[in-house]
Structures are given as C-alpha cells and as structure tokens.
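I opened a notebook page for this structure. The entries below follow the order in which I looked things up.

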Amino acid sequence: MGTTIISPTFLSAYLLLLCLVCCLKEGYGLGRRATAESHHLEHSHTIQVTSLLPSSICSPATKELNKKSSLRVVHKHGPCSQLHRQDKANIPTDAEILRQDESRVKSIHLKLARSSGSSNVDQIDATNLPAKDGSVVGSGNYVVTVGLGTPKKDLTLIFDTGSDITWTQCQPCAGSCYQQLDPVFAPSQSSTYSNISCNSTTCTSLTSATGVKPRCSSSACVYGIQYGDMSFSIGFFAKETLTLTSSDVFKDFLFGCGQNNQGLFGRAAGLIGLGRDKLSLPSQTALKYKGVFSYCLPSSASSTGFLSFGDTGTSKSVKFITLSTVSQRSAFYGIDITGISVGGQKLSIAASVFTAGGAIIDSGTVITRLPPTAYVALSSEFKKQMSQYPMAPASKLLDTCYNFTKYSSVNAPKISFFFSGGVEVPIAAEGIFFATSISQVCLAFARNNNDTDIGIFGNTQQKTLQVVYDVAGGRLGFATGGCT
C-alpha cells in the first residue's frame, strides 16, 4: 500500500480548525456559565450581613411620601422613636417579640372564629373583662403622633389595621393606667370633649367594632376591648377633636377614653384603629379622604416610614388587587394569595392550598403565616438555593435558619407573592430574614397549624412597600420602594 503524504498546508488548516472548534466549545461553556450566573444575580439579593442586626442610630428614609396628610411612622422599639429613647430597659428580646407575635396570631384566629359564629360575643360585656395584667397587647410595632382635644395634646399611638376603634388612656385613670411616655389625656382640660349616651345607636355599634357588648355608667356609654393575651382597655366612649396635621382636623371623632387599661403597650398612649368597621378612623374620615389611606413600613427599626390619608397621587405605580371578605363581621382586610416564587422559580402549590383558609394583610403581625403545605414548599426551595451556607438551629417559631458568622455578605434568592389578577409583589431584601444574631438568621415565614387556618401577610414582608388601602373601592394596592 502507498503511503499518504499530508501536505503542510492541509495540516496547518486542520490544526486551525481544531482550535476553532475548541474555542467555540469553550466559549459556549463560558456563555452558559455566564448566563446561569446572570440569572442567579437577577433573581437574588446581595445582603450585607451587618445590615441584619439592629442599629442604635436613627437613619431617616431618603425617600418618604411628602404629602400634607401624612404622618411619620417609626418602630416603637427603634432609635427613631421617643418611646425607645425613654424606655430602653424594657425593649423586648427577639424571643419575646416572636412570643408576642404568636399571641397576636392566636387572637386573630379566635376573633375570626367568633365572627364566623362559632362563639357568642354577646356573652362578654365591658364590665366583666378579666382584671388580669396581660403580658403583651399584640397590637403592632409601629407608631405615629396625633393631636387630641382643644387645645391639642400630642399622643403617640400604635396604628393597627386589625383593630377598629381608636382609644387612649384618660385621666383620672379610675381603674388603672400603665406607664406611657406622653402625659395622660385629661378630658376635663379640653373644651370639645363629650361622652356618648349609652342609649344611642352609636353606643350599640361598639359590639361589632370590639366584639364586646357596651355598658352604661350614669347614662354614659362604656366600651371595652380585650386582646387575645388578656390585655384590655375599658372606659368611656366619647367624641373629641382629632388633629392629624395642621390642615386635617376632625370634630366629633369617636374614640375610647380609657379608665382601666392593662398590658404592655410599649409606653404608647393607645391605639389607632384602621380596620373596616364604621367606627374605624378610615370610616370616620371618609368624607375627606374617600376611604383611602396608605403606609410604608420602614426598612428597619432604625429608619422611618409614613402613614398617609387620601389619594397619594401615586396610582400609576401601584398594582391593585381586589379585597376579599374573610368574614361578614370581620374588620380584617382579606386578600387572595395565588402563588409564591423563590429565585424566579414559581413553586408548585395547588390553588386550593391558599383558598382553604383564605388570608388577610395585617400591619401588626410580624411574621407572615402560611398554610403548612405552602410553607414546606417555600422552605424546601429556599434551602435548596441557599445550600452553600451553613444551617443554624431552629427557633421555636422559625425553622429555616443560617449561620452567617463567616460571611460579610450573602446572596439570598428573591421571593415574590402572587395575588388575584396575576399581580406579583416582590418582597424587599429587608423582608426575607429575621435575625436573632449573625449566627441565627432565619427565613421570616412560619407555618400555621393547618391549611384551613387563615393566612397572614405580616409586616416584615411589607417593609418598604407602599401599601394602599382603597376601602371604598374594595381594593388593595402595592408599590415597591415606598420608603427606601
């Protein structure tokens, strides 16, 4: 057989072709890796580990809603709050915060059970509330300052979408008053204060707002409101001038003037009820504000947010969903959750899982509560995408925890919630974790006992979102970056 002779020109061309093929393969591999890395970065948050811990310095938000009908919102235990500065010795631990949160969730479930008719609220009346000092009130973490009376007296009040009536402690504290930062309101020093008659329809309307039957005291209407942890407020139901801002003043505002109040309220003077009942603040101010209010909860306890009333003029950036009714006698704002995504990956959760118990949005619940089936899917996918980080022991409530002591920053998958109408609401980076320490940073979601328990979209997941309540229109809106 003859020997085949390969010419130098052919050999050079062949080697050049091999090089091109190898380069193309390598380039394809690099491209795939780059695409995967780009996808990962697009669907993850880079979080500085130090930002997970509380700061002792107040850093007001650089972006706040600058509207005349707005109040500044601060966390009652943060450095931006006067309550914090005056009462540092009584700031609750993280374990206590989670325990208080459990009390609030149990209270909500109980209230909804009563609203559905499984318990007769009329068996409780305002004179028979237990004289027991509650360990917590479970009424929320965020406070605003408003004026009450003539002349106006400033009061720091917790605002709560899960409560209806507004109340504050009043002199002479005939029963008892807990310690508060502001001077206790004195009705005798206001020229516009008056009690509501116990024979009026206004008095009888208290039952739907408080779940407690009102009583009479020398013809004056007596209200009572009891929380799930046995904290309570009892006093005269009255009307007074309420000042939200210098241009937003409301005469004959109905409120509770508490004479017997027990529980740990964080030295706040009382509470603003932002629920759906006709005695709530949004209902009483509907002629001016058209039943619209919004808030943005600060990114951390060391920052600030806002509570605004009326149309904020930001409707173009707000995505609206339809409010649902979780119970005919419930003040809570019902929402229809349809899905959850983690790192851009939509979780495989049947729609029936979310509809079995329904859900509400609540400004006072810290940790979002999910049906167990949905929580397991969320936790599993989150752990899968966080597999490069060491796990940490679970807390009593939170069981997906990490140890970040060896890291200066971490990449956490983005989480989005989907609501009726296909509306997607991305959770801010600040709304993903609850950190007790750098060695125990936990996914800030918890499971309910059963899929049929009501789900709760809590305030940790609402951080930096502008949440718009169009009560009259039956809508709830979300906009990202509300107070960053």
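**Entry 1**

I began with Pro151, which I found in the loop between strand 3 and strand 4. I was working with a predicted model throughout. The peptide bond that joins Thr150 and Pro151 is cis, with omega at about 0 degrees.

I then looked up Pro172, whose place is in the loop between strand 5 and strand 6 (194-195). Here too I noted a cis peptide bond, joining Gln171 and Pro172, with omega at about 10 degrees. Cys173 is found in the loop between strand 5 and strand 6 as well. Its phi is near 55 degrees, which is positive although Cys173 is not glycine.

**Entry 1: the cavity**

How many cavities of 30 Å³ or more are there? I counted one. The volume of the largest cavity is about 70 Å³. Its lining is made by Val146, Leu148, Leu155, Leu157, Thr166, Trp167, Thr168, Leu242, Phe253 and Phe255. Two or more of the lining residues come from each of strand 3 (142-148), strand 4 (153-160), strand 5 (167-169) and strand 10 (248-262). By class I listed eight nonpolar residues, two polar ones and no charged ones.

I noted that strand 3 and strand 4 had already come up, as the strands on either side of the loop that holds Pro151.

Next I looked up the largest pocket, and its volume is about 940 Å³. Its lining has 37 residues, and the closest to the pocket centre are Leu52, Pro54, Ser300, Ala301 and Lys463. I found two or more lining residues in each of strand 1 (44-48), helix 3 (94-115), strand 25 (433-437) and helix 10 (459-462). Which element gives the largest share of this lining? Strand 25 does, with four residues.

By class, the pocket lining holds 16 nonpolar, 18 polar and three charged residues. I also checked the domains: domain 1 (70-113 + 136-309) and domain 2 (319-479) each give at least three residues to the lining.

**Entry 2**

Tyr402 stands opposite Val441 in strand 26.

I looked up another open sheet of four strands, with the order 17-16-23-24 and antiparallel pairing. Why is one side of strand 17 (345-346) and of strand 24 (423-426) left without a neighbour in the sheet? Both stand at the edges and have a single partner strand each, so one side of each has no neighbour there.

Strand 16 (residues 337-342) and strand 23 (residues 415-419) are antiparallel, with five bridges between them. Val342 stands opposite Ile415 in strand 23. Helix 9 (residues 372-385) packs on this sheet and touches strand 16, strand 17 and strand 23. Its direction makes about 15 degrees with that of strand 16.

Definitions and conventions. Residues numbered from 1 in each chain as written. Predicted model: local features only at pLDDT ≥ 70, side-chain atom pairs only at ≥ 80, totals over all residues. Heavy atoms only, no water. Pairing = 2+ DSSP bridges. Contact = heavy atoms within 4.5 Å. Axes fitted to C-alpha atoms, helices over the stretch in contact; angles between N-to-C directions. 1 Å grid on protein atoms, 1.4 Å probe; cavity = no way out; pocket = protein on both sides within 12 Å on 5 of 7 lines; lining within 4 Å. Points joined across faces, edges and corners; volume = space filled by probe spheres on them. Nonpolar A, V, L, I, M, F, W, Y, C, P; charged D, E, K, R; others polar. Domains from an automatic or database assignment.
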